[in-house]
Amino acid sequence: MAFDCDAVVVGSGPNGLAAAITLARAGLSVLVLEGNSTIGGGARSAELTIPGFVHDVCSAVHPLAAGSPFFKTLPLEKFGLEWIQPEIPLAHPLDDGTAAALHRNVDRTADSLGKDGRVYRWLMKSLSNDWDALSVEILRPLLHFSRHPFALARFGIPALCPAHSLAKTIFKEETTRALFAGIAAHSFLPLEMVGSSAFALVLGAAGHAVGWPIPRGGSQMITNARAGYFRELGGRIEVNRRIDNIERLPKSRAILFDVSAWQFARIAGDRLPGRYRRRLKRFRHAPGVFKVDYALSSAIPWKSESCRRAGTVHAGGTLDEIGSAERDVADEKIPERPFVLVAQQSLFDSTRAPRGQQTLWAYAHVPFNCETDISGKIESQIERFAPGFRDCILARHKTSAVDLENSNSNLSGGDISGGSADLWQLLSRPVFSPTPYRTPIRGTYLCSASTPPGGGVHGMCGYHAARAALRDVFGTQIPTRPC
């Protein structure tokens with residue numbers, strides 16, 4: 001059979017480009033097909049409100065990109081990527097005008113947490129010090145032989161605890177409990193669920209080890225830099241090439257799909273065995289998000305000085321308030337006071353807005369496939385901790401969970417995680433296997449966030465899927481750890 005290329009990658013999101021780069025580095029001819037007119041998937045930027053205001057379309061702050069073992073091997077600076085580290089990675093305000101802050105330095109953070117300083121230092125210092133080893137262990141399928149068992153054990157024991165009970169048990173201060181809860185809420189899980197603490201530990205440790213940085217010029221710069229490197233390796237990218245049927249792909253020896261499990265089931269259709277296709281269709285969604293991008297006349301007037309110096313702010317109140325909001329979402333209800341994630345990129349990146357003005361990125365969790373406009377609730381939560389916020393608004397761009405899917409079919413129902421990240425779906429993502437990227441179709445692999453380790457701009461799903469393809473199809477072995 002004559003082949004048009006060695007490998008085709010469907011989708012140019014963070015994992016699709018990671019897979020493509022890994023294959024191209026092995027000397028293969030690789031073609032990336034992107035359905036949209038711009039590449040990047042969840043790592044894109046655009047002028048969504050007013051000309052001159054650059055907003056991140058989906059992902060905004062990137063601890064897992066900065067801490068990714070795969071990303072560390074890429075010469076992205078050569079292709080224009082520059083990381084900016086905000087003065088304070090994360091702040092979490094409370095009603096009394098104070099705020100808990102996650103600083104790059106563990107000791108500085110611990111010293112600011114009063115009675116909880118000793119416990120916080122004990123919990124986070126070893127994890128952040130072991131980040132290089134820990135990231136290799138956790139950013140891969142859970143079914144694997146551990147190369148760093150002690151680092152993994154130090155993480156795994158508290159990670160399996162529900163975030164609500166762990167925070168209540170080990171922390172005494174409401175500020176520390178709230179800080180931990182806000183980071184844990186990135187899981188999209190009720191805080192009473194087993195494993196919800198894992199997200200707080202991973203993102204907290206990453207904050208200390210590598211920060212919560214932003215890319216100068218917008219998240220699109222991450223995509224552009226990787227695309228530039230891929231093209232230097234000889235790779236090709238074609239846009240406006242939407243694939244609805246696997247039979248319409250160019251002929252190649254390997255195919256890698258950076259699409260959700262549900263999309264893949266639809267695209268592959270009857271080529272998949274019935275049992276596998278049913279498993280993909282039963283793969284559970286995470287909740288959706290409602291996102292608002294703002295053009296602002298000035299910086300947000302937060303009551304807390306720490307929030308004014310932070311790249312990311314969690315506007316959700318106390319541990320119990322965040323827990324209640326996340327339970328409501330899991331029960332398919334819209335919270336009265338949602339947990340709101342806020343990113344203030346333009347405070348640290350002057351390319352994002354005209355001089356003296358600002359952009360703001362904010363989203364809240366909502367039920368899957370929710371169409372309701374909750375921008376008023378988001379603004380009330382921000383105004384709660386920053387009186388006068390609404391007076392700063394020049395323009396808004398609202399994106400519902402349904403709108404997200406319409407703009408990026410990978411984000412089904414507003415699910416930006418590629419499927420729920422509960423404990424079972426971390427073990428079986430999307431199937432229970434040490435190589436879950438491999439599909440029943442020979443030479444065909446799934447490399448999206450529906451595979452381990454899940455959501456985030458880290459590229460590790462694509463890297464691991466490409467390793468499997470290199471081994472299975474091309475008889476090429478590359479090291480377990482990217483190098």
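## Salt bridges, a mixed sheet and a nonpolar patch

Glu 174 and Arg 177 form a salt bridge, with their closest N and O atoms 3.3 Å apart. This is a predicted model, and the distances and areas below are computed from it. The two residues are three apart in helix α8, so about one helical turn separates them. Their surroundings differ in accessibility. Glu 174 is partly exposed, with a relative accessible area of 38%. Arg 177 is buried, at 12%, because buried means under 20% relative accessible area.

Side chains of opposite charge can pair when their charged atoms come close. In this model the count comes to 29 salt bridges. Take Glu 192 and Arg 327, whose side chains meet in a salt bridge at 2.3 Å, N to O. Glu 192 lies in the loop between α8 and α9, while Arg 327 lies in helix α14 (residues 319-330), and the pair links distant parts of the chain, 135 residues apart. Glu 192 is partly exposed, with a relative accessible area of 35%. Arg 327 also counts as partly exposed, at 35%.

The side chains of Glu 321 and Arg 384 meet in a salt bridge of 3.0 Å, N to O. Glu 321 sits in helix α14 and Arg 384 in helix α15 (residues 375-385), so this pair ties together parts that are 63 residues apart in sequence. Glu 321 is partly exposed, with a relative accessible area of 23%. Arg 384 counts as buried, at 14%. Elsewhere, salt bridges that share partners build one network from Asp 56, Glu 82, Arg 216, Asp 349 and Arg 352.

Now turn to the sheet. Seven strands form an open sheet with mixed pairing, in the order β7-β6-β12-β13-β14-β11-β15. The edges are β7 (99-102) and β15 (393-399); each has a single partner strand, so one side of each is left without a neighbour in the sheet. On average, neighbouring strands of this sheet are turned by 20° against each other, direction ignored.

Follow the pairing from β12 onward. Strand β12 (residues 310-315) pairs with β13 in the antiparallel sense, over four bridges. Here Thr 312 has Ala 343 of β13 as its bridge partner. Strand β13 in turn runs antiparallel to β14, and four bridges join them. Val 340 has Ala 364 in β14 as its bridge partner. Strand β14 (residues 358-366) also pairs with β11 (residues 288-296), again in the antiparallel sense, over nine bridges. In that pairing, Val 292 stands opposite Ala 362 in β14.

What covers strand β13? In a regular strand the side chains alternate between the two faces of the sheet. Strand β13 (residues 340-343) is covered on both faces. Val 340 and Val 342 are buried on one side, and Leu 341 and Ala 343 are buried on the other.

Leu 142, Leu 160, Val 194 and Leu 423 make a nonpolar surface patch of about 310 Å². Val 194 lies in the loop between α8 (174-184) and α9 (196-209). At 41% relative accessibility, Val 194 counts as partly exposed.

Notes: Residues are numbered from 1 along each chain as its sequence is written. This is a predicted model: local features need pLDDT of at least 70, side-chain atom pairs count only at pLDDT 80 or more; totals for chains, interfaces and linings use all residues. Side-chain values use heavy atoms; hydrogens and water are left out. Two strands pair if DSSP finds at least two bridges between them. Axes are lines fitted to C-alpha atoms, for helices over the stretch in contact, and angles run from 0 to 180 degrees between N-to-C directions. Buried means under 20% relative accessible area, exposed over 50%, partly exposed in between (1.4 Å probe, protein chains only). Patches are made of residues with over 30% relative accessible area and no salt bridge: like charges are joined within 9 Å, nonpolar side chains (Val, Leu, Ile, Met, Phe, Trp, Tyr) within 5 Å. Accessible areas come from the Shrake-Rupley method with a 1.4 Å probe; for residues, only the protein chains shown count as cover. A salt bridge is a side-chain nitrogen of Lys or Arg within 4 Å of a carboxyl oxygen of Asp or Glu.
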